[in-house]
Amino acid sequence: CMGGGLAVAWACTDDRLRAIAPFYGVNPRPLGAVSRSCPVVGSYPEKDFTARSGRKLHAELGRHGIPQDIKVYEGTRHSFFNDSGRTYDPTASEDAWRRTLAFFDEHLASP
């Protein structure tokens, strides 16, 4: 599942999800709800209000031992992954996509 803050909230309530990849999303409230989350690979822009959410999500997932790969991309802005936008960052986008695919490969492999 890919998305922003809704993906994180959904992952806390639906045990059918096996991994999520939020891109510059906000966290559910209360943040402690992520204790029920599936594994998370998240990508956040440094120069955006969502970077704070990414850092808090990283800490909270770690506190609950949930597999994660949360990264805040230095110098990037909101929508850095949108290749048709003004804030597109090809280097960060390429790395975020590579990390997402590798994480999904690890956590979504058939048992």
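Ser43 counts as buried because its relative accessibility is 0%; buried here means under 20% relative accessible area, exposed means over 50%, and partly exposed is in between (1.4 Å probe, protein chains only). This is a predicted model, in which local features need pLDDT of at least 70 and side-chain atom pairs count only at pLDDT 80 or more, while totals for chains, interfaces and linings use all residues. Residues are numbered from 1 along each chain as its sequence is written, and side-chain values use heavy atoms, with hydrogens and water left out.

Ser43 sits in strand 3, residues 40-47. Helices (H or I, at least four residues) and strands (E, at least two) are DSSP runs, numbered from the N terminus. Apart from neighbours within four places in sequence, Ser43 is in contact with residues including Pro22, Tyr24, Lys71, Phe80 and Arg99, where contact means heavy atoms within 4.5 Å. With Arg99, the side chain of Ser43 also makes a polar contact of 3.0 Å. A polar contact is a pair of N or O atoms within 3.5 Å; within protein, one must be able to donate a hydrogen and the other to accept it, and residues adjacent in sequence count only if both atoms are side-chain atoms.

Arg99 leads on to helix 3, where it is one of the buried residues, along with Ala92, Ser93, Asp95, Ala96, Thr100, Phe103, Phe104 and His107. Looking down the axis of helix 3, the buried residues fall within an arc of 165°, so they line one face of the helix; the arc is that of the directions from the helix axis to the C-beta atoms. This buried set packs against strand 2 (21-22), strand 3 and strand 4. Over on the other side of helix 3, Thr91, Glu94 and Asp105 are exposed. At the start of the helix, a side-chain oxygen of Asp89 comes to within 3.1 Å of the backbone nitrogen of Thr91.

Charged pairs come next. The whole structure holds four salt bridges, a salt bridge being a side-chain nitrogen of Lys or Arg within 4 Å of a carboxyl oxygen of Asp or Glu. One of them pairs Asp95 with Lys71 (3.0 Å, N to O). Asp95 lies in helix 3 (residues 90-107) and Lys71 in strand 4 (residues 68-77), so this pair ties together parts that are 24 residues apart in sequence. Asp95 also forms a salt bridge with Arg98, with the closest N and O atoms 2.6 Å apart. Through shared partners, these salt bridges join Lys71, Asp95 and Arg98 into one network. Within it, Asp95 is buried at 17% relative accessible area, whereas Lys71 is partly exposed at 30% and Arg98 is partly exposed at 49%.

Another salt bridge links the side chains of Glu60 and Arg63 (2.9 Å, N to O). Both residues lie in helix 2 (residues 50-63), three residues apart, about one turn of the helix. An α-helix has 3.6 residues a turn, so residues three or four places apart point the same way. Even so, Glu60 is buried at 11% relative accessibility, while Arg63 is exposed at 59%.

Finally, His78 belongs to the loop between strand 4 and helix 3 and is partly exposed, with a relative accessible area of 31%. Its side chain makes a polar contact of 3.0 Å with that of Asp48. Beyond neighbours within four places in sequence, His78 is in contact with Tyr24, Pro45, Lys47, Asp48 and Thr87.
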